[in-house]
Every structure is written in structure tokens, then in C-alpha cells.
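Student: Could you take me through the aromatic rings in this one, and what surrounds them?

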Amino acid sequence: MPTYAENLNATKHAYTFAAWRASYHNGLEQYTPENCDAAQRIFDTLIADLIACGEQASEKQKVALFQQAIEATNELPEDMIETGEREQLCELTNTITLACGLQPEKYGDGEGLASEWREW
């Protein structure tokens with residue numbers, strides 16, 4: 001049975017940032033390597049912080065880490081997160097939410113934690 005950390009690290013397979021990077025080479029200039037790296041860093045940090053606080057951390061502690069991450073995504077360039085990317089980030093957030101032992105449907109009117117704070 002995978003450990004808490006292994007479950008969280010496995011969510012990185014759901015990252016879409018490589019596809020975003022490829023879009024830059026197809027003419028979508030908002031997906032610069034710097035912008036894509038910044039987006040990936042936000043989620044890498046969220047996963048690392050969830051692992052560091054541990055499986056037994058309170059729901060409140062875990063939710064606070066998601067809030068930090070989602071608020072950080074709000075600082076990304078506005079044109080980076082359009083409809084498709086918004087759906088991808090919400091799905092990724094829900095995947096990470098499940099991996100850390102929380103239920104996405106409890107938050108954001110059933111849409112998940114991203115919907116609590118996202119401006120995109």
C-alpha cells in the first residue's frame with residue numbers, strides 16, 4: 001500500500017505543465033518557460049508542504065496550504081489560465097485533495113478547494 005507521501009507525489013503524473021510548455025512552441029506566447037515553471041512550482045510546493053505537515057495534520061492545516069497555492073495561481077499572468085487550463089488546474093487540485101485525505105466535494109460548493117479562492 002502506498003504511503004501518504006507516495007500518494008501525493010504520484011499526483012504529479014496529473015501535471016499538465018509539459019503540455020503548456022509545448023503550447024509555447026506552437027505560438028502561444030503566454031506559456032513561456034518562466035510562466036510554466038512558476039505554475040509548476042506552486043503545485044510542487046503544495047505537495048511538498050502537505051507531505052511535510054504529514055498525514056495526521058488537521059483539515060484546517062491542509063486547507064490553509066491549498067489556500068496559499070490557489071492564491072499563488074491567482075498571481076500568474078491572466079492570459080495563462082483560460083477555460084481549458086482552469087479545468088485542468090481544478091482537476092489537479094481535486095486529485096491532490098483526495099491524495100491528502102480530504103474530499104473535494106466538501107469545498108467550493110462541491111467544485112473543490114480551487115473554487116474557494118481562485119480568480120480564474
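Tutor: Let's start with W20, which is buried, with a relative accessible area of 3%; buried means under 20% relative accessible area with a 1.4 Å probe, protein chains only. Bear in mind that this is a predicted model, where local features need pLDDT of at least 70, side-chain atom pairs count only at pLDDT 80 or more, and totals for chains, interfaces and linings use all residues. Residues are numbered from 1 along each chain as its sequence is written, and side-chain values use heavy atoms, with hydrogens and water left out.

Now the pairs: there are four aromatic ones in the structure (Phe, Tyr or Trp rings, the six-membered one for Trp, with centres within 6.5 Å; planes under 30 degrees apart are stacked, over 60 edge-to-face, the rest tilted). One of them is Y15 with F17, edge-to-face at 4.9 Å centre to centre and 70° between the planes. Y15 and F17 are both buried. W20 and Y31 make a tilted pair, because their planes sit at 50°, with the centres 5.8 Å apart. Since W20 belongs to helix α2 (residues 17–25) and Y31 to the loop between α2 and α3 (33–53), this pair ties together parts eleven residues apart in sequence; helices here are DSSP runs of H or I, at least four residues, numbered from the N terminus. Y31 is buried too, at 2% relative accessible area.

Neighbours within four places in sequence aside, F43 is in contact (heavy atoms within 4.5 Å) with Y15, F17, T73, L89, L92, T93 and I96.

Conventions: Buried < 20%, exposed > 50% of the residue type's maximum accessible area, 1.4 Å probe, protein only. Helix = DSSP H or I, 4+ residues; strand = E, 2+ residues; numbered from the N terminus.
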